Amino acid sequence: MPYLGGEETVRELRRALSNPNVQSDPLRYRNTILKVIRTMSQGVDVSGLFSEMVKACATVDVVQKKLVYVFLCSYATLNPELSLLVINTLRKDCQDPNPMVRSLALRNMTNLRLPSLVEYVEQPLTAGLRDRAACVRRVAVLGWAKLHNLHPSSEIDAAVVNELYSLLRDPDPVVMVNCLRALEEILKEEGGIAINKPITHHLLNRLKECDIWGQSEVLRVLQRYRPQSEDELFDILSLLDSFLVSPHPPVMAATLSLFLSISSNLPVISLAALERVSGPLLAACGSGSREMRFAAVCHIQVLVELVNDENVAMILDELKGYCTDVNTDTAQAAISAIGRIGRSYSDRCLQILTGLLGLKQDHITSAVVQTMRDLVWVCPQCSDTVCLALDGCEETLQDIQGRQALLWLLGVYGERISTAPYTLEVLIDRVRSEASLGIKMELLTATMRLFLCRPAETQDMLGRLLHYCIEEETDMCVRDQALLYYRLLHCGIEKTREVLQGRRSDPSLGVLIGRPAKPVSQWACCFNTLEPLSQGAVEAESDSRGSPEHVTYNSKPNADLSDTLSCSHIEEVHSGSDSAMRCSDSSTNVLASSIAAPLSLSLSPAVSPEDFEHLWLQRQALHTERGAEKIEEVDCAWIEECVRCPAVLHCSPQSLQAAMQLVNIQTLAFTPQQMLPWRVYLYTHTQRSHSMDAPNTTLILGELLCTGEANQKSGVKKGTADSEAGAEGKEDQLVRKEMDATADRLRVSEDGQEEEEGIKVILNQQPKDDDALRQFLTILITVLNTLSSEKD
């Protein structure tokens, strides 16, 4: 929007530009033109001065020409007829003895962006390709790309294309790179510039002459070339070796992308390149540019792809060295990377993170506490170690992000941290001098959560905090939050607990746990592109969305649900009571669950892999050796069902895990898709309201199993060892111990006939609640059939 008073300003400038006395004084004339540009930059519409500025371009003053051309290019589309008056001056300048004037004229002829002027521009651009000055050739090459962009439907003369190809051997490296860019634009419909062996070797040999962006452009274009022999491949890799560890992130990333592209059939070479680039990539995380740091962090997944049992110690040692780097950004990025690896190797990473807290350095402590907060969110089994490590951290923390992370941990896990009330009390006493609104709001939430689990120690300080925030605090956000909590307390403790004590963790985000190895060839094509950045934005958005801790199911008898489950044939092999029965259709179970009390599933409290293994083996041994009667004595139920949904085996682990998470069922370990025997281990807690005889909560442990023997004759790939299951640590032992016994039980049915292909569901519940177990089985079967139907 033009500024007020703009019309008067334009009139004054027009009078000055038309004043003969001003025109006769070169300095005053130039200053008047400069004033026009300054006014234009302030948002004033000065397009009415177009004719006066056209006259001003006829000068030998290069500075004045540049100023006038800036104006003309800005308003040419608004004055296409008057723009024709500029062409004669520009064409004359294209023949000026000064190469700077020639290049300036060519650049602005193409920047006018007027289709009516194309016929006047082609001849000067063709002459510019053969100009003796490199600066003119640079502009002329890009000018043809601009011309093509102005008329995409028109074809550029083949002679011009050949001329551009010949300029790839221009002695000036900028001209060479500009030719690549121009040919890519002009030949876009044909797939871009044709990259053959001579062009490839010429570009590689001149790569060192180019600047950073030129090198990146050449490396990007060369990804389309495929070496004709292995010797040629290794010659190219040798030429690129020094660029792989370039201190410039764009060159390093482009080189790695080219490495992965041309060595896609040599995984050893690809992995070696990934290992070499880990250092420069981490260094990019410490860049002074926020945009560069974000891009580097989005690409840091390369380190994640490298981590396995063999090299995790080496990678962690390298990252540990970066944690104490003098550059705080580098140190914090390394600590964050350790936290991501900790999703799979929590014990080793927590040992490093706990040791870093002993350094008592503000930026390190802050990064460690933030990393621990993120780690317990995806790996709840780490919470005990984290709670022990937090003692005394508040004395070192100074920055806002670190203190907010500490407050979150104190609020969520305050019942496990002995010093939590005293730490919060110190912060509450200093709340009047606290400048950060985020700290005040986090302090409110943490104190409220701690009050719910430790009311005697927190009641007084919570009252003081609420009084200050409601009566004295000037910020409306803090005051409104305090009022919300105050009114929530008036609704009762149970309602407050229902609102505030949500989910402590979301293990579904721990994508490293049980994730099958992803070939480099599957993600190499998106490296050094915008795709990792968009994925990072999506992950950040998903992290910001909360999810309820409990999901309540109140099944009702309806045709839709019965139709959904009609494809599943359920056979009950054992139950925890003497009234075991055989069902031929799951709709019976759905109807039975409809009259039961509403069921809620919850992931809290979390079950660690070690606890799962201990409980599972204990109950399995009890069931196998002593039978159902002994199971009843310890108030435990054990059932086995067979569900026909073989397409679930082809679902990705991420899809299966996400589907289970939607209904609050946590998967602890699973086998990579299409590998046999196929297993998934899971757990959940059930809660039932309005149930007179049943327990309030139960713990259900489960296993999904498919040996795939029916598919072996059809050529289905069978896993070579259960150790490939997507679990960490002791889950592998559980898989190995149970494989033989369970596989044998699945081969034949009770009457000795071979079972149809299906998924075997084995569930163990304690304490026993038959109705809750049956409702949970219905929910689980619904999820499996939904996944199976989607794959079909």
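At roughly what angle do the axes of helix H3 (residues 26-41) and helix H5 (residues 62-75) cross? The first legend answers this for the predicted model.

**View 1. Helices H3 and H5 cross at roughly 35°.** Two packed helices are described by the angle between their axes and the distance between the axes. Here the axes of H3 (residues 26-41) and H5 (residues 62-75) come within 10 Å. The crossing of H3 past H5 is left-handed. From H3, the residues that meet H5 are Tyr-29, Arg-30, Ile-33, Leu-34, Val-36, Ile-37 and Met-40. On the H5 side they meet Val-63, Gln-64, Leu-67, Val-68, Val-70, Phe-71, Ser-74 and Tyr-75.

**View 2. The largest nonpolar core holds 95 residues.** In soluble globular proteins, nonpolar side chains tend to be buried together. Five members of this core touch the most other members: Val-46, Leu-49, Met-53, Phe-71 and Leu-72. Helix H15 (residues 249-262) gives the most to the core, with nine residues. Look next at Leu-72. Beyond its neighbours within four places in sequence, Leu-72 is in contact with Phe-50, Met-53, Val-54, Val-86 and Leu-112.

**View 3. Another core, of 67 residues, lies apart from the largest one.** Its members include Ile-338, Tyr-468, Leu-483 and Leu-500.

**View 4. Arg-454 sits in the loop between helix H26 (437-453) and helix H27 (455-471).** Pro-421 is 33 residues away in sequence, yet its C-alpha lies 8.4 Å from that of Arg-454.

**View 5. Cys-135 is partly exposed, whereas Cys-387 is buried.** Cys-135 has a relative accessible area of 30%. For Cys-387 the value is 8%. Cys-387 is therefore under the 20% limit for a buried residue. A disulfide is a covalent bond between the sulfur atoms of two cysteines. How many disulfides does the model have? The count is zero.

Methods
Residues are numbered from 1 along each chain as its sequence is written. This is a predicted model: local features need pLDDT of at least 70, side-chain atom pairs count only at pLDDT 80 or more; totals for chains, interfaces and linings use all residues. Side-chain values use heavy atoms; hydrogens and water are left out. Helices (H or I, at least four residues) and strands (E, at least two) are DSSP runs, numbered from the N terminus. A disulfide is a pair of cysteine sulfur atoms within 2.5 Å. Buried means under 20% relative accessible area, exposed over 50%, partly exposed in between (1.4 Å probe, protein chains only). A nonpolar core is a set of buried Ala, Val, Leu, Ile, Met, Phe, Trp, Tyr and Cys residues joined through side-chain atoms within 4.5 Å. Contact means heavy atoms within 4.5 Å. Axes are lines fitted to C-alpha atoms, for helices over the stretch in contact, and angles run from 0 to 180 degrees between N-to-C directions. A crossing is left-handed if the near helix is turned anticlockwise from the far one by less than a right angle, and right-handed if clockwise.
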